[in-house]
Amino acid sequence: MLEDGEIFIGTSFDAEGARVKGEYLDLKLANRHGLVTGATGTGKTVTLQVLAEGFSAAGVPVFAADIKGDLSGVAAKGEPKDFLVKRAQEIGLDPYVNDKFPVVFWDLFGEQGHPIRATVSEMGPLLLSRLMGLNDTQEGVLNIVFRVADEQGLLLLDLKDLQALLGYVADNAATLTTQYGNVAKATIGAVQRQLLVIEQQGGAKFFGEPALSLSDLMRKDPTGRGVINILAADKLMGSPRLYATFLLWLMSELFEQLPEIGDPDKPQLVFFFDEAHLLFDEAPKALIDKVEQVVRLIRSKGVGVYFVTQNPIDVPETVAGQLGNRVQHALRAYTPRDQKAVRAAAETFRPNPKLNTAQVISELGVGEALVSTLEGKGAPTVVQRTMIAPPAARIGPVTPAERQALMASSPVAGRYDVTIDRQSAFEMLANKAEGAVVAAPGGPAPQQADAGALDSIGGIFKSVFGGSVSGRSGTLNPGQRVAREVTRTIVNQTAGNVAASIGKSIAGSVGGSVGRALVRGVLGSLLRR
């Protein structure tokens, strides 16, 4: 499947059925993105598997969503079934060798793969607004909430942190309005209700720590093959907004974190976005513009993005114009919209004078496609009617036992399986509220330090002296009294303001420094540099 820096896709034939030539995807131009389209049952998943196998064999890691479970078979060695051997003979694939490829399974729900998590701060207000379906006013309030979190050093890790901060902003709406603009409690209530919907759809499992490290998606096995990362998405498709937002977040993270490398000899990672229409359905123009920007610029990071969808008009023209490598399976022109899609698909190819492209699109059989890839200096090849090569690995899903065995031997086994719930906005705001209740009757004495800060710093001494050092519970022994006084001194020397220490904590977690404003990328995700 791999030959001289090119991935073999299939063999093209002329109108009389004679072979024309092999059709290849040039690895040097694979980061110029691609589009795989076609009606249900025409062979898109097999084409995706052939491309994934080719990239893996070339040492390029792959990330792909497995909508139906069929793609998981790439982890198991294929069998020389008669129809596959016949196809190999027809297209001149000799020898046709069965193989299997290194795979890591992922699952946002942690059931059919290793859990994938992101923090709320990393996701950012723009993508969260898209996830929750917020209107412009609600999105504006959510931006204020994130601004408050960033400025006050409140870590937003999971959904309970965001709920707590929304409540805090609602309680202090009058004060915050003068600084940030109108903050209506009714609007915050609407955002909170949408957040509950996300929780009920299982979104709470996605937000939290440990957050996904991109380096775990860019692995190679000991033989130098790229690991194929497969996201179990059959259950996830029940929450289409969560699916689309997650993949968009992942693409954004790749864009923000990877360095510029120009045009490499082969991509660093290839990203397949199946059911791509879900990304653009009802998406505001501002978001589509940002997606177009990311797709256009991520090429120089060595990342190839391949959209997979049923209808080519599902992808906006501004984005589709960035997709140079194309595989078009059959489309059925039963409705006016279908006929429009056929014409649109035909017009995007470089014409072949020996081929009526629009007519052929409706005549293609299963496993056939119109193929045009980039060559030379980036010009598209003339479109050709092509029989797609048979995969080397299994066609069809792995068994549950095979999946579990692969997960147990995975290079990331145990790394993401246990959720970490460290101190963040929820706990910080709870401590702040508790301190306010304690101080309410008479107010703190002038020399008294912040109770929450005492507990935080006093925790260092707790394991040595035992008990609480804040003086709020129990009788202190002499050692505890010493610890309390030392703690008070430390806290008071920071001018009684624990925000500085919290600021150091959040700055450390994102690679920043105290006093420097947190920076968000083009899609609103937190930059970790």
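Which strand does β6 pair with over four bridges, and in what sense? I started here and found strand β8, residues 228-232, paired with β6 in the parallel sense. I note at the outset that this is a predicted model.

**Entry 1: strand β6**

I looked up the bridge partner of Phe-105 in β8, and it is Ile-230. I then turned to strand β7, residues 114-115, which runs parallel to β6 and is joined to it by two bridges. In β7, Pro-115 stands opposite Asp-107.

I checked burial next. β6 covers residues 103-107, and five of the five are buried, so the strand is largely enclosed by the rest of the structure. I sorted the residues by face: Val-103, Phe-105 and Asp-107 lie on one side, Val-104 and Trp-106 on the other, and both faces are covered.

**Entry 2: charges over rings**

I stayed with Phe-105 and looked at what sits over its ring. I found the charged end of Arg-403 there, 4.5 Å from the ring centre. I also noted Lys-301, which lies over the face of Phe-255 at 4.7 Å from the ring centre.

**Entry 3: aromatic pairs**

How many aromatic pairs does the structure hold? I recorded 15. I followed two of them.

The rings of Tyr-243 and Phe-273 have centres 6.3 Å apart and planes at 90 degrees; a pair with planes over 60 degrees apart counts as edge-to-face, so this one does. Tyr-243 belongs to helix α8 (residues 240-257) and Phe-273 to strand β9 (residues 269-274), so the pair ties together parts 30 residues apart in sequence. I found Tyr-243 buried, and Phe-273 as well.

Phe-273 also pairs with Phe-307: the ring centres are 5.8 Å apart and the planes are at 25 degrees, so I logged the pair as stacked. Phe-307 lies in strand β10 (residues 303-309) and Phe-273 in β9, so this pair ties together parts that are 34 residues apart in sequence. Both Phe-273 and Phe-307 are buried.

I then looked up the cluster these residues belong to. Tyr-243, Phe-273 and Phe-307 are among the members of one aromatic cluster, which also includes Phe-63, Phe-206, Phe-207 and Trp-249.

**Entry 4: the second largest pocket**

I noted a volume of about 660 Å³ for the second largest pocket. Its lining has 34 residues, and those nearest the centre are Thr-42, Gly-43, Lys-44, Thr-45 and Val-46. Which element supplies the largest share of this lining? I found α1, with six residues. I listed α1 (44-57), β5 (62-66) and α2 (82-90) as elements that each supply at least two lining residues. By class, I recorded 14 nonpolar, 11 polar and nine charged residues in the lining.

**Entry 5: backbone details**

I looked up cis peptide bonds. One joins Asp-94 and Pro-95, with omega about 5 degrees, and Pro-95 is in the loop between α2 and β6. Another joins Glu-209 and Pro-210, also with omega about 5 degrees. Pro-210 has its place in the loop between α7 (185-200) and β8.

I ended with positive phi values in residues other than glycine. His-33 has phi near 70 degrees and sits in the loop between β3 (19-26) and β4 (34-37). Its relative accessibility is 2%, so His-33 counts as buried. Glu-275 has phi near 50 degrees and lies in the loop between β9 and α9 (277-280). Is Glu-275 buried or exposed? I found a relative accessibility of 18%; the cut-off for buried is under 20%, so Glu-275 counts as buried.

Methods: Residues are numbered from 1 along each chain as its sequence is written. This is a predicted model: local features need pLDDT of at least 70, side-chain atom pairs count only at pLDDT 80 or more; totals for chains, interfaces and linings use all residues. Side-chain values use heavy atoms; hydrogens and water are left out. Rings of Phe, Tyr and Trp (its six-membered ring) pair if their centres lie within 6.5 Å; planes under 30 degrees apart count as stacked, over 60 as edge-to-face and the rest as tilted. Buried means under 20% relative accessible area, exposed over 50%, partly exposed in between (1.4 Å probe, protein chains only). A charge sits over a ring if NZ of Lys or CZ of Arg is within 6 Å of the ring centre and within 35 degrees of the ring normal. Two strands pair if DSSP finds at least two bridges between them. On a 1 Å grid over the protein atoms alone, a cavity is a set of points where a 1.4 Å probe fits but cannot get out, and a pocket is an open set with protein on both sides within 12 Å along at least five of seven lines; lining residues have an atom within 4 Å of a point. Grid points are joined across faces, edges and corners, and a volume is the space filled by probe spheres set on the points. Ala, Val, Leu, Ile, Met, Phe, Trp, Tyr, Cys and Pro count as nonpolar, Asp, Glu, Lys and Arg as charged, and the others, Gly among them, as polar.
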